[in-house]
Amino acid sequence: MKILVMIDFVLAASLMDAIGSSDLQKCFQEQIQLQGQVRLLEHRVKQQQLKIMQLLEKKEIQYNDRGDENSVIDLGGKREYSDCAEIYNDGHKQSGFYKMKPIQSPTEFLAFCDMSEGGGWTVFQRRSDGSQNFDRVWADYEEGFGNFVLKNGEYWLGNKNLHYLTNQGNYTLRIDLTDFEGERRFAQYTRFRVAGEEHSYEMSCGEYSGTAGDSLTGGFHPEVKWWADHRGMKFSTRDRDNDNYEGNCAEEEKAGWWFNRCHSANLNGLYYRGPYTAKTDNGIVWYSWHGWWYSLKSVVMKIRPEDFASHIV
């Protein structure tokens with residue numbers, strides 16, 4: 001048996017010599033090249049898989065952020081609702097634009113109902129992309145303007161409608177803020193109310209709570225209230241100056257707002273992308289969070305009756 005094994009070994013060695021060491025080396029080199037190509041293909045497959053995942057995530061974000069198509073929800077006009085809280089408590093839990101008619105309002109109007117965070121929030125202002133011009137005259141702010149179709153469309157509900165809404169009782173104001181780094185803060189105020197036209201839509205509100213700091217009433221420092229407190233201020237536009245400043249705040253700040261001398265909050269300012277430079281601090285400003293020279297990415301101002309929690313069904 002040992003003799004046969006030795007013969008096989010000798011024959012194999014003879015065959016190797018016959019083939020030649022150069023051919024064997026070529027086989028090894030080709031094998032190495034093929035292995036390298038396999039690794040390269042595996043790497044490319046992983047890259048494509050990652051790219052596909054990124055594109056799918058981007059598409060999903062765009063779908064969520066664009067507000068999709070038409071967000072107007074028709075309830076058939078079977079009954080009239082005074083605000084989004086009534087709509088929510090009547091079983092309608094989907095966010096979108098609904099028709100409503102506050103008690104003293106002569107006509108119905110559309111407003112976006114935010115049914116998140118407990119539901120029942122009536123949105124009266126939204127900034128999201130700078131698509132709407134908020135440097136407008138008194139009549140525009142009085143009647144309202146903007147996109148009343150898309151979920152994330154920018155708009156101002158109108159000072160008349162805001163008065164009709166808040167004159168129905170005590171309302172909580174919630175302001176949701178987002179910066180360009182993706183951080184979110186909020187400010188909340190009790191007893192938010194806007195007076196009627198005869199009082200130039202004067203704004204009042206109560207106690208602050210939240211994470212963004214109190215820029216609406218100047219509560220971030222006691223010595224600044226004389227110019228930073230927006231409570232008790234009439235609404236001002238560039239053609240209707242009602243502020244406490246010797247100049248025209250609305251004209252300088254390019255917005256309609258409840259200016260004092262001039263502001264520590266101006267959420268209707270010009271749409272910049274984060275830090276900005278200008279002659280005046282005319283961006284979308286919430287001083288107690290990012291100061292005067294940082295313009296926020298998005299803002300939502302919304303209201304809900306203070307006793308809403310006891311009515312949730």
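Which residue in β2 is the bridge partner of Met 100?

Modeller: Phe 109 is the bridge partner of Met 100 in β2. First, the ground rules. This is a predicted model, so local features need pLDDT of at least 70 and side-chain atom pairs count only at pLDDT 80 or more, while totals for chains, interfaces and linings use all residues. Residues are numbered from 1 along each chain as its sequence is written, and side-chain values use heavy atoms, with hydrogens and water left out.

Now the pairing itself. β1 and β2 run antiparallel and share five bridges. Strands count as paired when DSSP finds at least two bridges between them. Strands are DSSP runs of E with at least two residues, helices are runs of H or I with at least four, and both are numbered from the N terminus. β1 covers residues 96-100. Four of its five residues are buried, so β1 is largely enclosed by the rest of the structure. Buried means under 20% relative accessible area, exposed means over 50%, and partly exposed lies in between, using a 1.4 Å probe on protein chains only.

Cys 84 and Cys 113 are joined, with an S to S distance of 2.0 Å. A disulfide here is a pair of cysteine sulfur atoms within 2.5 Å. Cys 84 sits in helix α3 (residues 84-89) and Cys 113 in strand β2, so the link ties together parts that are 29 residues apart in sequence. The torsion about this S-S bond is about -80°, so the disulfide is left-handed. Cys 84 is buried at 0% relative accessible area. Cys 113 is buried too, at 0% relative accessibility.

Two disulfides are counted by this rule. The other one joins Cys 249 and Cys 262, with the sulfur atoms 2.0 Å apart. Cys 249 lies in helix α7 and Cys 262 in the loop between α7 and β10, 13 residues apart. Its torsion is -90°, and the link is left-handed. Cys 249 is buried at 0% relative accessibility, and Cys 262 is buried at 10%. Numbered in sequence order, the bonded cysteines pair 1-2, 3-4.

Glu 117 is in the loop between β2 (109-114) and β3. Its phi is near 50°, a positive value in a residue other than glycine. Glu 117 counts as partly exposed, at 42% relative accessibility. Tyr 201 also has a positive phi, about 55°, and it is not a glycine. Tyr 201 lies in the loop between β7 (184-194) and β8 (203-204). There the residue is buried, at 1% relative accessibility.

One of the bridged pairs is Arg 127 with Val 299 in β14. On β14 there is a second pairing: β6 (residues 171-178) joins it through eight bridges, again antiparallel. Here Leu 173 has Ile 303 of β14 as its bridge partner.

β14 (residues 298-305) is mostly covered, with eight of its eight residues buried. In a regular strand the side chains alternate between the two faces of the sheet. In β14, Ser 298, Val 300, Lys 302 and Arg 304 point one way. Val 299, Met 301, Ile 303 and Pro 305 point the other way, and all are buried.

Finally, the core. The largest nonpolar core has 61 residues, and Phe 192, Trp 258 and Trp 286 have the most contacts inside it. A nonpolar core is a set of buried Ala, Val, Leu, Ile, Met, Phe, Trp, Tyr and Cys residues joined through side-chain atoms within 4.5 Å. Leaving aside residues up to four places away in sequence, Phe 192 touches a list of residues that includes Phe 124, Leu 162, Tyr 171, Met 203 and Trp 258. Contact means heavy atoms within 4.5 Å. Leu 173 and Ile 303 are also among the residues Phe 192 touches, and those two are the bridge partners in the pairing of β6 with β14. Cys 205 is another residue that Phe 192 touches. Cys 205 is buried, at 9% relative accessible area.
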